[in-house]
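Here's a quick tour for someone meeting this structure for the first time. Have a look at the sequence and the model, then read on.

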Amino acid sequence: MASDPTIPVRPPGQVRPYPKHTSEGDIPFTIPSTGDKAKTHYWLWGDLSKSSKVPLICLHGGPGVPHSYLLPISLIYEDYGIPVIMYDQVGCGASTHFKEKKHDAKFFNPELFMAELDNLKSHLGIKTFDLLGQSWGGMMAGQYAITQPEGLNKVIVADSPASMITWVKVCDKLRAGLPKDVQETLTRCEKDGTTDTKEYEDAVNVFYQRHVCRLNPFPKELNDSFSALAEDNTVYETMNGPSEFYVTGSLKTWTIEEGLRQVTQRTVPGGILVINGRYDEAQDEAVQPYFTKPSAKVKWVRFGLSGHCPQLDETEEFILALGLFLTEE
């Protein structure tokens, strides 16, 4: 059962600033399916050439929601000296956009983004790495782990479903808990094809305030990501749809539940950490396959005051749990 999201307990949010990145840059990338030229923009905390610690690569969600809302995770570098890499996946943020490819599922697909990750690793000379994915990023991390890439050490799956069919089922349950007038607005706009209106956006935000981020107001990092999404929702609309719970895009039947059986202690020697929040869209039912299907060592941490973004809702607790996992032998 989903916990009552109307309980007036707010999470602490961020209690200290996170560090500024050490460097940033553009990485040339050729789209595998078309040969189009692109660039991937990345940010790095630390020095990959001097550090003896395994770097952490972070995959943002969406698809198409830029990395800004993940920035507090850079505290891992400040607290543990672990190099951290974040980047905007092609199609959003500071990386190359392809607005003309909207609704082109042959262009925007998981294979494109896994190829981009490989290209980033190659450009930065990364041989061994830990991989954190949040929301869509965790879905991608799970699918990537199934391919058994060389050098993958640990995987963190944060707030991510293993099946979009289950995700929609869970979101429908959460949606049923919204005020009646909000539900009616959502249903009417979806039926009428007016999901691009302010009326729909306002109704969606009621859901988001309960289940995406429980801080009020939303932190700047999340607002920056949402603003960038509003400027160009090409990837999000193509692969996901108009909102978190109204999934009409190419991922609507996506699943890796059975594929996760191929993730073993040999392929992910450092193990897997599964994360979700009490009020998360990614309720226990949605993330459970990451815990039960692999034969690798798996841990599961659930944050009691968080929605879909515990790195924002409960930053210190999130960093502690992540740091303990990353430094565990």
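Strand 2 and strand 4 (residues 84-88) pair in an antiparallel way, with 5 bridges between them; two strands pair if DSSP finds at least two bridges between them. Helices here (H or I, at least four residues) and strands (E, at least two) are DSSP runs, numbered from the N terminus. This is a predicted model, where local features need pLDDT of at least 70, side-chain atom pairs count only at pLDDT 80 or more, and totals for chains, interfaces and linings use all residues. Residues are numbered from 1 along each chain as its sequence is written, and side-chain values use heavy atoms, leaving out hydrogens and water.

| Pair | Sense | Bridges |
|---|---|---|
| strand 1 (residues 23-30) and strand 2 | antiparallel | 8 bridges |
| strand 2 and strand 4 (residues 84-88) | antiparallel | 5 bridges |

Y42 of strand 2 is the bridge partner of G25, and Y42 also stands opposite Y87 in strand 4. Strands 1 and 2 make a hairpin with 6 residues between them, and G35 in that turn has a positive phi of about 85°. Strand 2 (residues 37-45) has 7 of its 9 residues buried, so it's largely enclosed by the rest of the structure (buried means under 20% relative accessible area, with a 1.4 Å probe and protein chains only).

Now for the helices. The crossing of helix 5 and helix 6 is left-handed, meaning the near helix is turned anticlockwise from the far one by less than a right angle. On the helix 5 side, the contact (heavy atoms within 4.5 Å) includes V182 and L186, while helix 6 brings in Y200 and A203, among others.

Note on methods:
Buried means under 20% relative accessible area, exposed over 50%, partly exposed in between (1.4 Å probe, protein chains only).
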